[in-house]
Amino acid sequence: MILESIIIIGLAIFLDLVFGDPRNKYHPTAWIGEFISNLVPLFKNENPHLEKFGGILVVLISTTVIATLLLILNLKLDSIIVNEFVSIIVIILVSAILLKTTIAIRGME
């Protein structure tokens, strides 16, 4: 498990350094940003305590939605691929690509 995580992180950093991030609306980070920007107005409030609670809800809702989507993806990959070795390789590749979308080393230069 630890070796898989190290490979995923290393591959994600390598992919980011080689390819960078596309600057368009089809990037998963842009989707998450759009989702959060749609949630924020729902929880705006004049009362600072209620607005802080609304901010907590925005974080919880967005995190829950993303975690649920990733869990469904993981379960689908596990059910499609029968061979354990192939399953590990596919999960490492998909995880590295998903993690790569959260890294912006070249984009921050």
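With which residue does Lys44 form a salt bridge, and how far apart are the closest N and O atoms? The partner is Glu51, and the closest N and O atoms are 3.8 Å apart. The model is predicted: local features need pLDDT of at least 70, side-chain atom pairs count only at pLDDT 80 or more, and totals for chains, interfaces and linings use all residues. Residues are numbered from 1 along each chain as its sequence is written, and side-chain values use heavy atoms, with hydrogens and water left out.

**Figure 1. The salt bridge of Lys44 and Glu51.** A salt bridge is a side-chain nitrogen of Lys or Arg within 4 Å of a carboxyl oxygen of Asp or Glu. Lys44 is exposed at 54% relative accessibility, whereas Glu51 is partly exposed at 32%. Buried denotes under 20% relative accessible area, exposed over 50%, and partly exposed in between (1.4 Å probe, protein chains only).

**Figure 2. The salt bridge of Asp16 and Lys100.** The structure holds two salt bridges; in this one, the side chains meet at 3.5 Å, N to O. Asp16 lies in helix α1 and Lys100 in helix α4, so the pair ties together parts that are 84 residues apart in sequence. Helices (H or I, at least four residues) are DSSP runs, numbered from the N terminus. Asp16 is buried, with a relative accessible area of 0%, and Lys100 also counts as buried, at 10%.

**Figure 3. The largest pocket.** Its space amounts to about 630 Å³. Of the 20 lining residues, the closest to the centre are Ile66, Leu69, Leu70, Leu73 and Leu98. Two or more lining residues come from each of α2 (28-39), α3 (48-80) and α4 (84-100), with the largest share, eight residues, from α3. The lining has 15 nonpolar, five polar and no charged residues. On a 1 Å grid over the protein atoms alone, a pocket is an open set of points where a 1.4 Å probe fits, with protein on both sides within 12 Å along at least five of seven lines; lining residues have an atom within 4 Å of a point. Grid points are joined across faces, edges and corners, and a volume is the space filled by probe spheres set on the points. Ala, Val, Leu, Ile, Met, Phe, Trp, Tyr, Cys and Pro count as nonpolar, Asp, Glu, Lys and Arg as charged, and the others, Gly among them, as polar.

**Figure 4. The second largest pocket.** The volume is about 160 Å³. Among the lining residues are Met1, Glu4, Ile88 and Ser95. Helices α1 and α4 each supply at least two lining residues.
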